[in-house]
Amino acid sequence: MEFLAPLAETPLARALISSSTIYLLVNAAHILGIGMLFGAILALDLRLLGFARAMPLPATALYLSRMAGAGVVLAIVTGLCLFTVKPVEYVRNPAFLFKVGLIALGLVNVAVVHFGAGWKAMLAGEKPSTALRISAAFSTLIWIAAVIAGRWIGFL
């Protein structure tokens, strides 16, 4: 893992380490990205599970999935920036590794859902399939666990 040590010497890492303001802003943007992602995913998953039935599912699903997409991009970009500050420590942290694994699992779930027939049928106005509802429940658990793992990083 020592091969990652040079990341902490990059101009980006040095700027984050030397400027509490830059670090604060990048960290705040990371939290904003997580909030956008998690808020949109949770709302979408709950709607797929049958809550808030008054909201039209196809329009809601499109909007929330795009919001989640923007959130995940912001969270990943800022997370990679924050990673450069202590790369060796992070890759040795079990909570960090668990978080990254959960994020990967969550993104695989998103891809499976969005490229599946159930998603396309739901966008066309059909009721969510059982498989789509199971994926929504799984998604909720994955992203809650990822948030918890992210908070756990600082405690190990």
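# A tour from alanine 136

Start by selecting alanine 136, which is buried, with a relative accessible area of 1%. The model is a predicted one, and every value quoted on this tour is computed from it. Alanine 136 sits in helix H7, and H7 covers residues 130–152.

Next, show what surrounds this residue. Which residues is alanine 136 in contact with, leaving aside its neighbours within four places in sequence? They are Asp45, Leu48 and Leu49.

Zoom out to the whole chain. Its secondary structure consists of seven helices and zero strands, so a cartoon view will show the order α-α-α-α-α-α-α from the N terminus. Along the principal axes, the C-alpha atoms fill a box of roughly 55 × 25 × 25 Å. Among contacts with a separation of 6 or more, 80% join residues 24 or more positions apart. Of the 156 residues, 38% count as buried.

Then select helix H5, residues 94–114. Its 21 residues should span 30 Å at 1.5 Å a residue, and the end C-alpha atoms are 30 Å apart, which agrees. Colour the buried residues of H5: Ala95, Phe96, Lys99, Leu102, Gly106, Asn109 and Val113. Look down the axis of H5: these buried residues fall within an arc of 140°, so they line one face of the helix.

Move on to alanine 52, in the loop between H2 and H3. Is alanine 52 buried or partly exposed? It counts as partly exposed, at 44% relative accessibility, because the buried class is kept for values under 20% and the exposed class for values over 50%. Check its backbone as well: phi of alanine 52 is near 55°, a positive value in a residue other than glycine. Most residues other than glycine have a negative phi.

Finish with the surface. The accessible surface of the chain comes to about 8,900 Å², and carbon and sulfur atoms hold 75% of that area. Last, select the charged side chains: there are 11 positive and 5 negative charges, and their mean positions are 12 Å apart.

Definitions and conventions
Residues are numbered from 1 along each chain as its sequence is written. This is a predicted model: local features need pLDDT of at least 70, side-chain atom pairs count only at pLDDT 80 or more; totals for chains, interfaces and linings use all residues. Side-chain values use heavy atoms; hydrogens and water are left out. Helices (H or I, at least four residues) and strands (E, at least two) are DSSP runs, numbered from the N terminus. Buried means under 20% relative accessible area, exposed over 50%, partly exposed in between (1.4 Å probe, protein chains only). Contact means heavy atoms within 4.5 Å. Accessible areas come from the Shrake-Rupley method with a 1.4 Å probe; for residues, only the protein chains shown count as cover. Lys and Arg count as positive and Asp and Glu as negative; His and the chain ends are not counted. The place of a charge is taken as NZ of Lys, CZ of Arg, CG of Asp or CD of Glu. The expected span of a helix is 1.5 Å times one less than its number of residues. The arc is that of the directions from the helix axis to the C-beta atoms.
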